[in-house]
Amino acid sequence: MSPCRHPRWQFRQFIAATSFILLVACAEKPTAASAVQLPVAPAAPAAQAAPPAAPAPADAAVVPTQSFEDWEAGFRVQALQAGITAQTFDRAFSGVTADPSVVTADRSQPEFSRPVWEYLEGAISPVRVRKGQALLAQNAELLTRIEARYGVDRQALIAVWGMESSFGQFQGDKSVIRSLATLAYEGRRPDFAQSQLIAALQILQNGDIQPERMLGSWAGAMGQTQFIPTTYATHAVDFDGDGRRDIWNSSADALASTAYYLQSSGWQRGQPWGFEVQLAPGFDYNLADGAIRKPVSEWMQLGLTLPVGTQMPAGAENLSAALLLPAGYRGPAFLVLDNFRAVLKYNNSSSYALAVSLLAQKLYGGGGIIGGWPKDDLPLSRSERMELQNLLSAHGYDAGTPDGIIGANTRKAIRLAQQRYGEPADGYPTHMLLESLRAR
């Protein structure tokens, strides 16, 4: 069956259109890309084949075995053993109760994913670009000092700032202590939440922020560039010299902290993030794997070319690159370099890293994407991705846990199936592959 005749296609087109309208309306709101990414629940078994036994649902309700008050009392003992003072703990937890909205967010997973082209359209909207350019000019002296200290290009810092909080405007309005306490009490990753909560209490104990002003996302990401508490502990800096590492109210501290993190992640000042390329007919799409890196000169010898009217960034020939196909072989292609990898360490999402990179490029007058997107085939929904994983494993291609996350194992399984069915083996999940597996 053609994807365009899929029974759910008209409904998905409606969802996509609605999402696009909302995206345009909210283009200047944060992407929330740095919120903690948690696994999603497995799908029901596919009707066409008997899949492996499904694991316990990752988003199944966590039923606490004690009251929140009893949990807090037990955690207080742990916190004091970790060096948190009784005064710090009691002030931070004064009036704190479990937040039902955090529990809901923790267990909720959207059925439909935003196509990468819509995500990028919002990320590099003209309004965001103009605002970023204005802030580059307004903060020129500060950014010069940050560049000199950390060796991270200013456009990248402004791009992360714009993506994470729309330049400080939308940082989240939830109590970080309450959110993390809720996740530690009845979330799906209590150990992780407890480690973040201890780190948050240490921030309060150091006097960097007061409990009532320590606000962030439901997952505990904080400040103008959305650090989680443990990242704050290792990379937040007091760049404005007021004695506090204030990533909430000091743009200097937030931008410098981000620069320090990117520096630690391998950022190379003055180097490009990557550039768009075109693939020759018959190209081996198995090479489009983030784990495969070659000098740019070797990639070009394999038949890659530059789009008409573009040129390779200066000095890129000998840099190490991977080939990125964010929408499969039918969409644009990019060679991505070390600075792209540094952004991935900030947020392990290729769409996010591409958005930051393209926004930074736009800020200094660079162009956009030339290649076209396969807009006739929307991404698989969450349940379709999990069905695909079940079917792949049932047909002998080990896709790992059917969690709806297209990771390395699933991409490898997709490539093997694509090769068997005579499709380009780009590792990209499509309706065509899903229909092929259903038919078998």
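Arg178 counts as partly exposed because its relative accessibility is 27%. The scale is relative accessible area with a 1.4 Å probe and protein chains only: buried is under 20%, exposed is over 50%, and partly exposed lies in between. The model is predicted, so local features need pLDDT of at least 70 and side-chain atom pairs count only at pLDDT 80 or more, while totals for chains, interfaces and linings use all residues. Residues are numbered from 1 along each chain as its sequence is written, and side-chain values use heavy atoms, with hydrogens and water left out.

Arg178 sits in helix H9. Helices (H or I, at least four residues) and strands (E, at least two) are DSSP runs, numbered from the N terminus. H9 spans residues 176-186 and is mostly covered, with 10 of its 11 residues buried. Among them are Val176, Ile177, Leu180 and Glu186.

Arg178 forms a salt bridge with Asp99, with the closest N and O atoms 3.9 Å apart. The rule asks for a side-chain nitrogen of Lys or Arg within 4 Å of a carboxyl oxygen of Asp or Glu. This pair links distant parts of the chain: Asp99 lies in the loop between helix H3 (86-92) and helix H4 (100-107), 79 residues from Arg178. Asp99 counts as buried because its relative accessibility is 9%. Lys174 joins Asp99 and Arg178 in a network of salt bridges.

The model holds 17 salt bridges by this rule. Arg244 pairs with Asp246, the closest N and O atoms being 3.4 Å apart. Arg244, at 31% relative accessibility, is partly exposed. Asp246, at 3%, is buried. Arg438 pairs with Glu387 at 2.8 Å between the closest N and O atoms. Arg438 lies in helix H18 (residues 431-439) and Glu387 in helix H16 (residues 382-394), so the pair ties together parts 51 residues apart in sequence. Both Arg438 and Glu387 are buried.

Now turn to the second largest pocket. Its space is about 610 Å³. A pocket here is an open set of points on a 1 Å grid over the protein atoms alone, where a 1.4 Å probe fits, with protein on both sides within 12 Å along at least five of seven lines; lining residues have an atom within 4 Å of a point. Of its 32 lining residues, Pro272, Trp273, Gly274, Gln361 and Tyr364 are the closest to the centre. Helix H15 gives the largest share of the lining, 5 residues.

Key:
Points joined across faces, edges and corners; volume = space filled by probe spheres on them.
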